[in-house]
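Welcome, and thanks for taking a look at this one with us. Below is a short briefing to read alongside the model.

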Amino acid sequence: MFLRKDTLAETLRLLRERPDAVVVAGSTDWGVEVNIRSRRASCVIAVDRLPELRELRVESGFIEIGAALTLTEIERRLDGEVPLLAELFPQFASRLIRNGATLGGNLGTGSPIGDSPPALLALDASVVLADADGEREVPSRSTSPATGRACAAPAS
Ligand SMILES: Cc1cc2nc3c(=O)[nH]c(=O)nc-3n(C[C@H](O)[C@H](O)[C@H](O)COP(=O)(O)OP(=O)(O)OC[C@H]3O[C@@H](n4cnc5c(N)ncnc54)[C@H](O)[C@@H]3O)c2cc1C
């Protein structure tokens, strides 16, 4: 079953009802799981079009990047504003992959060889975690991609 809701709040409620669901954004990692590793999910929930996760705000002192923006969108919208990310993007896969791959997906995969976690660490970035009970901000240094778990439960 493939499900897509219009808002983040509806999606988070759905995720509570379907703890078995797999969240997907660009599916560049999930597609490999399905095609190469033969993984299947009873329920797949897409977050790639959620407006709340597709915002990018540049404020004085901080930049907020939506988890469902693709790497190409972030690269183009930042336009060199963050030199470390401007250096990283051309080295991340190919343009084809970057056109679909999201920052949230890179963190969600929790790969020990993922490219964005070290960059976010170097930038002293924070990650906003959300579930149906609310959200909280955690420093990227508290996440642990090396163990394959990108983050702890949102509301705890
Ligand atoms: C050919 C190829 C080359 C690649 N090269 C690189 C590379 O150079 N560097 C690199 O780091 N990676 C690389 N990758 C891996 C992949 O492209 C990235 O990890 C990408 O950022 C995943 O984003 P996605 O939106 O496609 O994630 P998806 O495949 O949609 O999801 C990946 C995981 O993250 C979870 N997830 C997705 N969105 C969210 C969210 N908003 N909140 C919480 N969890 C979420 C999903 O449940 C799933 O477990 C490559 C992959 C391929 C196929």
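How many helices and strands make up the secondary structure of the chain? The answer is seven helices and seven strands, and please keep in mind as you read that this is a predicted model. From one end of the sequence to the other, these elements follow the pattern β-α-β-α-β-β-β-α-α-α-α-α-β-β. The chain has a radius of gyration of 15 Å, close to the 15 Å that the globule rule gives for 156 residues, so it is as compact as a globular protein of that length.

**Overall build**

- Along the principal axes, the C-alpha atoms of the chain fill a box of roughly 40 × 35 × 30 Å.
- Buried residues make up 25% of the 156 in the chain.
- If you take the contacts between residues at least 6 apart in sequence, 49% of them join residues at least 24 apart.

- Three strands form an open sheet in the order 1-3-2, and their pairing is parallel.
- Strand 1 (2–4) and strand 2 (22–24) are the edge strands, each pairing on one side only.
- On average, neighbouring strands of this sheet are turned by 30° against each other, with direction ignored.
- Strand 2 runs parallel to strand 3 (residues 44–46), and three bridges join the two.
- Within this pairing, you will find Val23 opposite Ile45 in strand 3.

**The hairpin**

- Strand 4 (residues 56–59) and strand 5 (residues 62–65) run antiparallel and are joined by four bridges.
- Here Glu59 stands opposite Phe62 in strand 5.
- The hairpin has two residues between its strands, and Gly61 takes a positive phi near 100° in it.

**Around the ligand**

- The ligand is surrounded by 26 residues, and the closest are Gly26, Gly104, Gly105, Asn106 and Gly108.
- At least two residues of this shell come from each of strand 2, helix 2 (30–35) and helix 6 (103–109).
- Helix 6 gives the most to the shell, with five residues.
- By residue class, the shell divides into 13 nonpolar, 11 polar and two charged residues.

- Ser27 is not a glycine, yet has a positive phi of about 65°.
- This serine, Ser27, sits in the loop between strand 2 and helix 2.
- The loop between helix 7 (116–122) and strand 6 (126–131) holds Asp124. With 9 C-beta neighbours inside 10 Å, Asp124 counts as exposed, because the class takes in residues with 12 or fewer.

**Leu96 in helix 5**

- Leu96 belongs to helix 5 (residues 95–98).
- Is Leu96 buried or exposed? Leu96 counts as exposed, because it has 10 C-beta neighbours inside 10 Å and the limit for that class is 12 or fewer.
- Leu96 and Asp29 lie 67 residues apart in sequence, and their C-alpha atoms are 13 Å apart in space.

Terms used. Residues numbered from 1 in each chain as written. Predicted model: local features only at pLDDT ≥ 70, side-chain atom pairs only at ≥ 80, totals over all residues. Pairing = 2+ DSSP bridges. Axes fitted to C-alpha atoms, helices over the stretch in contact; angles between N-to-C directions. Buried ≥ 20, exposed ≤ 12 C-beta atoms within 10 Å, placed from the backbone. Near = placed C-beta within 6 Å. Nonpolar A, V, L, I, M, F, W, Y, C, P; charged D, E, K, R; others polar. Rg over C-alpha atoms; globule rule 2.2 N^0.38 Å. Contact = placed C-beta atoms within 7 Å.
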